[in-house]
Amino acid sequence: MNLLQKWSSTMRLVAQATPEALLLHILDSLAVARLPLPDEPMVDIGSGAGFPGLPLAALNPARSILLVESRTRRAAFLKEAVRAMKLSNVTVSPQRFESVVLPAGAFAVGRAVAPPPRFLQMVESQGVTSAVMMINDTMLQSDYRPGWAVRGEDRPPLPFSPPHVNLLCSRQE
């Protein structure tokens with residue numbers, strides 16, 4: 001948390017860098033693990049301050065995680081955080097998601113990356129067949145993109161307004 005607070009003072013990685021606010025970001029990130037995630041490499045799209053990728057990497061050191069962040073300074077922060085946290089299972093890719101070569105079978109995670117239909121279109125264009133959308137409950141709808149279905153839903157018991165919802169979606173065969 002100290003590293004994130006230090007870098008946030010000059011880069012605004014998160015809106016509030018208080019210990020309480022950062023703890024909420026960490027808990028929100030870890031809540032993704034409450035879903036029945038695929039046993040495949042994970043790609044965190046638009047990693048920014050490292051949420052949810054860094055907390056999930058620390059929770060599961062056996063899972064390969066790719067953090068994709070197109071903004072150079074934020075990617076530099078992520079590389080420093082990976083080094084400081086000694087996360088050998090994490091790679092940082094400082095480029096746009098559309099340009100990244102993904103690990104075979106990878107599933108994607110996005111937190112406030114794009115509206116749900118656009119997010120699923122992005123991952124689908126890269127051949128991804130499973131994705132977790134971290135959204136707030138004002139974005140819930142019955143159908144997000146043709147050919148995709150919600151396979152799991154979790155509402156972390158955290159004091160966000162509006163409440164957060166994590167959706168595990170997959171392509172229908």
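A salt bridge here is a side-chain nitrogen of Lys or Arg within 4 Å of a carboxyl oxygen of Asp or Glu. Keep that in mind. This is a predicted model: local features need pLDDT of at least 70, side-chain atom pairs need 80 or more, and totals for chains, interfaces and linings use all residues. Residues are numbered from 1 along each chain as its sequence is written, and side-chain values use heavy atoms, without hydrogens or water.

Salt bridges, then. The whole structure has nine. Take Asp28 and Arg111: their side chains meet at 3.1 Å, N to O. Asp28 sits in helix H2 (residues 19-30) and Arg111 in strand S4 (residues 107-111), so the pair ties together parts 83 residues apart in sequence. Helices (H or I, at least four residues) and strands (E, at least two) are DSSP runs, numbered from the N terminus.

Are these two buried or exposed? Asp28 is buried at 2% relative accessibility. Arg111 is buried too, at 19%. The cut-offs: buried is under 20% relative accessible area, exposed over 50%, partly exposed in between, with a 1.4 Å probe and protein chains only.

Next, Arg171 and Glu124. Their closest N and O atoms are 3.6 Å apart. Arg171 is in strand S7, Glu124 in helix H5, so this pair ties together parts 47 residues apart. Arg171 is partly exposed at 27%. Glu124 is partly exposed at 25%.

Now a contrast. Asp44, in strand S1 (residues 42-45), is buried but has no salt bridge. The nearest side chain of opposite charge is Arg111, 8.4 Å away. For charge, Lys and Arg count as positive, Asp and Glu as negative; His and chain ends are not counted.
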